[in-house]
Amino acid sequence: MLKIKNLHASIEDKEILKGINLEINPGEVHAIMGPNGSGKSTLSSVIAGKEEFEQTEGEIIFENTEISEMDPEERAHKGIFLSFQYPVEIPGVSVTNFMKTAINAHRKANGLEDMPANEMLKKIREKSESLGIDRKFLSRSLNEGFSGGEKKRNEIFQMAMLEPKLSILDETDSGLDIDALKIVADGVNKLRSKDNAVLLITHYQRLLNYIVPDVVHVMVDGKIVKSGGKELALELEERGYEWVKAEKAV
Amino acid sequence: MTKELKMELKEKLVSSFLAFEEEYTGANDDLHKIRNQAIKDFETMGFPSRKEEDYKYTSLKSILKEDYSLFPKKENAIEYKDIKKYLIHEIDTYDLVFIDGIYSSHLSSTTHDKIDVCLMSSALNKDLYKPVIDNYFNKLAPKNGLNSLNTAFTKEGAFIHIHKNTLADKPIQIINFSTGNESSILVQPRNLIVVDENSHCQIIERHQSLTEHPVLTNSVTEIFADKRAIVDYYKIQNDKLSASLIDNTYIEQQSESFCSVHTFSLGGKLTRNNLNFYQRGERIDSTMKGVTIIEGKQHVDHNTLVHHIEPNCESHQDYKGIFDERSVGVFNGKVVVEKEAQKTNAYQSNNNVLLNDKATINSKPQLEIFADDVKCSHGCTIGQLDEEALFYLQSRGIPRKEASGLLMYAFANNVLESVKIPEIKKRINKLIAHKLGVELGFNL
């Protein structure tokens, strides 16, 4: 599904990603862990197409298409979804209206008519109920005044609505208490299927108790330095990142 | 060169005054005196120039050089279907429609049932209205060149009187059309709105040109809100690029009255809004809000004044502007708090987005505070659209153009929240979406 080859990216001439290789197949869950400043969030932004970052080298192939030159919206239309670490507050646009706009933009890009209003409402109701989202929440301005947990749950709600092929969850667990974490993880698990894939970017192992990864990668200084099974996450939790760095140095 | 041109219009106006004045045969002798004094004042003061502090960022030069026709001929060729789209026609309203400054009875609907919604010309000429005219007409507009010019040529406009303890049963629309039967035209509507104790009315005002010929409107509106009166005023400024507007609106409020003015400036060549509130009682609330979205070489200037005279009053100002291409915006908001006006709460905010390096905004808050126990705040921002927010929307599949439209819409949207007539909100939403060049994917 996603093949990243020798990806280099920089911001204002400072190189952040220094040759990333990553392959994710349908049905898989991958986790990328690593210390602060290792480039994890940059990788997620670059896959989603944030223009602030300049991709200086390498390829990003999604569903057999090179997407490096595509705008963020085109990548979204192809089925890439990024759950933001810090979702942006947009006063004046309700969650419902935002969702309608996004869904219909996807449909338009795929040559479909706007979704009929009743179908849209039904879908919004179903998906919000399954995530335990209060109906009042849907008429509030997007992310405005939302708590950390509400913002993250809203990201997962958007993911449920847009049904992406590849979901990148950037630090979705940060700032969540254990109950909120369970709800978010439960939401993600419900959306898993053999046709879609998930890339988790996280600092801590605890999210991986709830969303169990097939592969765990360790990222240090803009490179993936170690990959393994889910037990690697436990080892990292126990021993920190220093031993990976040390192992790498040797 | 310019000076000569400017003199030309001024001289033309002054020399036409006698003929205009002779035509008037009304019963009110006082009016003769007022007009004669006004033309003298205009002759002395003339049009404002950029040397005056209040016109530092707005030059009237380009709009004063036209050879305007002052007394258009009567023409009734306009039918309802031609103008329907400019009216808020989805709801029942009283309508005062003027064409080239002349009242059009077949397009209007007036009333004298508990409220007077009728013509300035009849109010000025009939004894019945003399007490109101004597009490209120020309009592509020400050003496300056533009107001004096309007007063000297006062002939027609809206006369609205809401009697004590009355709710106007429907909104009142004041619509001024210009037809272009003349190559260019100067129109000077004069409105007087008197809202007695415990009364309420909603007014919608629009100036609309139906031609590509130059039009200059110099409009003066005086509004008096008595104790506990509520007045909501909506100004829709979405005129053609050949039309310019100088709007002069003055509001005097008595104790516990609420007045709000929303100004939506989306069209026109040059628009200057002079909006003054005078608070002459306690526990008064004055609200003024504005959305300006312009491009090309359009110019919109909001010049506001709130005069806090008595204690325990509030004022709220919230003006938002989006400027593209070479457009120019001006916001000059003056708040005066007199020594006696303790416990005043005065808020002012002016937020702007510049979409182009060549666009300009001149924002100037002016606070003159003589009382010591007050809360006054003002804030002004000038910025571009938030890149992070754009990326967020794009990552959800919303194309960049639509995403920036959505953000601009959201930016302007909270000004609309206080609009009390849903049909106006809907109309303005549509105008804004159209102006921003986006089809927003949801029902506005």
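Me: Where does N6(A) lie in chain A?

Reply: N6(A) lies in strand β1 (residues 2-11) of chain A. A strand here is a DSSP run of E with at least two residues, and a helix is a run of H or I with at least four, both numbered from the N terminus. The model is predicted, so that local features need pLDDT of at least 70 and side-chain atom pairs count only at pLDDT 80 or more, whereas totals for chains, interfaces and linings use all residues; side-chain values use heavy atoms, without hydrogens and water. Residues are numbered from 1 along each chain as its sequence is written, with chains lettered from A and ligands numbered from 1 in the order in which they are written.

Me: Why does N6(A) count as partly exposed?

Reply: The relative accessibility of N6(A) is 32%. Buried means under 20% relative accessible area, exposed means over 50%, and partly exposed lies in between, with a 1.4 Å probe and protein chains only. The value of N6(A) therefore falls in the partly exposed class.

Me: What makes the phi values of N6(A) and E256(B) worth noting?

Reply: Phi of N6(A) is near 45°, and phi of E256(B) is near 60°. Each is a positive value in a residue other than glycine. Most residues other than glycine have a negative phi. E256(B) is placed in the loop between β11 (243-253) and β12 of chain B, and its relative accessibility of 31% makes this residue partly exposed.

Me: Why is the contact of E388(B) and K50(A) called a salt bridge?

Reply: A salt bridge is a side-chain nitrogen of Lys or Arg within 4 Å of a carboxyl oxygen of Asp or Glu. K50(A) is buried at 13%, whereas E388(B) is partly exposed at 28%.

Me: How many salt bridges does the structure hold over all chains?

Reply: The structure holds 38 salt bridges over all chains.

Me: What does the salt bridge of E387(B) and R400(B) tie together?

Reply: The side chains of E387(B) and R400(B) meet at 2.8 Å, N to O. E387(B) lies in helix α8 and R400(B) in helix α9 (residues 400-416) of chain B, so the pair ties together parts that are 13 residues apart in sequence. E387(B), at 46% relative accessibility, is partly exposed, and R400(B), at 30%, is partly exposed.

Me: Where do D30(B) and K33(B) lie, and how many residues apart?

Reply: Both lie in helix α2 (residues 29-45) of chain B, three residues apart, or about one turn of the helix. D30(B) is partly exposed at 31%, while K33(B) is exposed at 59%.

Me: How do you know that helix α7 of chain B is largely enclosed by the rest of the structure?

Reply: Eight of the eight residues of helix α7 (residues 145-152) are buried, so this helix is largely enclosed by the rest of the structure. Among the buried residues are L146(B), N147(B) and L149(B). N144(B) caps the N-terminal end of α7(B), with a side-chain oxygen 3.2 Å from the backbone nitrogen of L146(B).

Conventions: A polar contact is a pair of N or O atoms within 3.5 Å; within protein, one must be able to donate a hydrogen and the other to accept it, and residues adjacent in sequence count only if both atoms are side-chain atoms.
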